[in-house]
Amino acid sequence: MYASREDIGYDFGDDSKVGSKPINPNPNIDGGWAWMIVLSSFLVHILIMGSQMALGVLNMEWLEEFNQSRGLTAWVSSLSMGITLIVGPFIGLFISMCGCRKTAIIGGILNALGWILSAYASNVHYLFLTFGVTAGVGSGMVYLPAVVMVGQYFQKRRALAQGLSTTGTGFGAFLMTALLKYLCTEFGWRNAMFIQGAISLNLCVCGALMRPLSPKDVSEKYVVRSNSEDNQAKGLSHSAETIKSNGVLSEEPDKKEETTNEEVLDCVQHIEIGAKSRSGRNMYGLRILKTVSQLTVTVRKGFAVWYSSYFGAASLFTNRVFVAFIIWALFAYSSFVIPFIHLPEIVKQYNLSSQDNIFPLTSIIAIVHIFGKVILGIISDLPCISTWNVFLMANFTLVTCILTLPLMQTYIGLAVVCALIGFSSGYFSLMPVVTEDLVGTKHLANAYGIIICANGISALLGPPFAGWIYDITHKYDFSFYISGLLYMVGIIFLLIQPCIQKKQPREKSSEEAQA
């Protein structure tokens with residue numbers, strides 16, 4: 001179904017390790033509880049990504065309250081959005097040790113705390129710590145598990161499931177913009193942030209819905225995917241040799257680690273059995289020792305998996321297409337974030353506030369963004385369509401819109417471009433699918449953590465850069481032009497690497513023929 005692995009010409013080969021024996025797949029994969037996971041992820045996107053897309057409302061309030069430059073004030077929003085994504089690799093470590101459910105619940109509490117503490121801000125620098133860092137880290141601890149869980153529960157309908165769940169960003173941007181405008185008007189921005197903090201506690205409920213799959217269920221998913229891609233694997237036999245030379249993430253260290261861990265636990269259990277005749281106080285101490293030993297084993301095992309994925313001899317960075325994907329992510333996200341943060345100011349400059357109040361341009365992006373994610377997800381799931389090609393076409397459309405936006409100075413022109421930005425940015429729903437096609441399901445959490453970390457750096461630097469350019473030129477035009485050109489550089493990297501990767505096996509086969 002997914003042609004993107006073949007188009008890209010690179011595969012980590014995780015699925016090939018599983019045999020093709022007949023199985024009875026778990027009903028929760030592609031159905032059953034999987035749709036509750038989609039609902040949970042949908043609500044997470046509303047509460048986290050949607051509220052971040054609506055920060056332009058609060059940004060104007062902060063400008064009036066603290067009388068700071070646009071560049072400095074924009075750091076509050078960009079810190080929150082950037083840190084949410086930058087902490088991705090470290091959240092991958094939490095997921096390896098604690099699982100998605102516990103990580104998301106802790107993140108929900110931290111996010112709500114950040115919103116509530118921000119209500120008492122006395123200056124912009126206070127907001128850097130409470131809203132930028134605290135709420136940002138909490139958001140990251142919920143966001144990554146929400147994406148990873150959808151990838152674990154779906155095999156046949158991954159693009160559609162990710163599309164449906166990530167439409168929460170569009171719904172959230174529309175709803176949260178209206179909600180924050182209403183709360184700021186009625187109660188002031190401080191009380192608005194306090195109320196939003198209370199609403200964010202629902203993230204803990206979303207985290208509780210993230211029921212983990214058993215290892216047996218995950219292995220069944222690998223077998224199903226292996227059977228569905230047997231025909232593609234036959235045509236990539238010589239490509240597999242190239243992959244082996246680059247290195248595949250090894251399973252042997254995990255087995256050695258598990259053996260060591262079992263020995264530690266067995267030792268503790270023997271001590272506990274031998275001490276049954278002793279006093280209850282000694283038994284209580286042994287139970288504590290056993291708990292600490294189990295916790296140590298879990299931490300060591302989770303850290304070993306996390307470390308080998310990033311820094312091992314056969315790490316994710318040996319995949320050159322994946323590295324090109326990271327470079328693209330470094331430039332792409334700021335082009336989407338800058339309009340959300342600075343469009344209210346642009347509308348005010350062009351004297352279009354009366355029309356924008358009736359139907360805000362950010363709401364147009366948000367609404368069309370919903371349809372873009374679903375439609376692009378459905379198209380990508382078609383057997384004859386390559387997810388990779390759909391992803392690239394959407395990127396080309398978005399970068400064209402970013403470069404065109406400064407030329408529009410009427411509400412109708414801006415609305416049309418914003419609608420195209422909203423639709424083409426629906427490719428966000430394809431990012432987990434493309435990542436999984438590159439590295440496999442097993443490494444999705446760590447790999448996607450790297451991608452959203454790169455996106456976070458882009459989101460962190462984009463809005464302050466645009467504000468700094470405005471403080472110098474009193475125009476936002478150059479901000480869009482520069483970010484659009486950098487975005488184009490990232491797309492070129494995506495185009496070059498798959499072509500190189502495709503040519504290598506052919507060149508190798510021709511050399512063998514001559515020999």
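Figure 1. Asn 351 is exposed, because its relative accessible area is 67%; exposed denotes over 50% relative accessible area, buried under 20%, and partly exposed the range in between (1.4 Å probe, protein chains only). Asn 351 belongs to the loop between α16 (320–349) and α17 (353–358). Helices (H or I, at least four residues) and strands (E, at least two) are DSSP runs, numbered from the N terminus. Although Asn 351 is not a glycine, its phi is positive, at about 60°. Asn 67, in the loop between α3 (55–66) and α4 (70–86), likewise is not a glycine and has a positive phi, of about 55°. With a relative accessible area of 64%, Asn 67 is therefore classed as exposed. Most residues other than glycine have a negative phi.

The model is predicted: local features need pLDDT of at least 70, side-chain atom pairs count only at pLDDT 80 or more, and totals for chains, interfaces and linings use all residues. Residues are numbered from 1 along each chain as its sequence is written, and side-chain values use heavy atoms, with hydrogens and water left out.

Figure 2. Helix α23 covers residues 477–514 and includes Met 488. Met 488 counts as partly exposed because its relative accessibility is 27%. Not counting residues up to four places away in sequence, Met 488 touches Phe 396 and Val 399, where contact means heavy atoms within 4.5 Å. Met 488 and Ala 332 are 156 residues apart along the chain, and their C-alpha atoms are separated by 8.5 Å.

Figure 3. Helix α19 (residues 387–404) has 18 residues and should span 26 Å at 1.5 Å a residue; its end C-alpha atoms are 26 Å apart, which agrees. The expected span is 1.5 Å times one less than the number of residues in the helix. The buried residues of α19 include Trp 388, Phe 391, Leu 398, Val 399 and Ile 402. At the start of α19, a side-chain oxygen of Ser 386 comes to within 3.3 Å of the backbone nitrogen of Trp 388.

**Figure 4. Gln 52 in helix α2.** Gln 52 is part of helix α2 (residues 34–53). At 4% relative accessibility, Gln 52 is therefore counted as buried. Leaving aside neighbours within four places in sequence, Gln 52 is in contact with Ser 80, Met 81, Thr 84 and Ser 139.

Figure 5. On a 1 Å grid over the protein atoms alone, a cavity is a set of points where a 1.4 Å probe fits but cannot get out, and lining residues have an atom within 4 Å of a point. Grid points are joined across faces, edges and corners, and a volume is the space filled by probe spheres set on the points. The count by this rule is 2 cavities of 30 Å³ or more. The largest cavity holds about 150 Å³ of space. Its lining consists of 14 residues, of which Met 49, Tyr 143, Tyr 333, Phe 428 and Tyr 448 lie nearest its centre. Two or more lining residues come from each of α2, α8 (158–187), α16 and α22 (444–473). The most is given by α22, with 3 residues.

Definitions and conventions
Polar contact = N/O pair within 3.5 Å; in protein donor to acceptor, adjacent residues only side chain to side chain. 1 Å grid on protein atoms, 1.4 Å probe; cavity = no way out; pocket = protein on both sides within 12 Å on 5 of 7 lines; lining within 4 Å.
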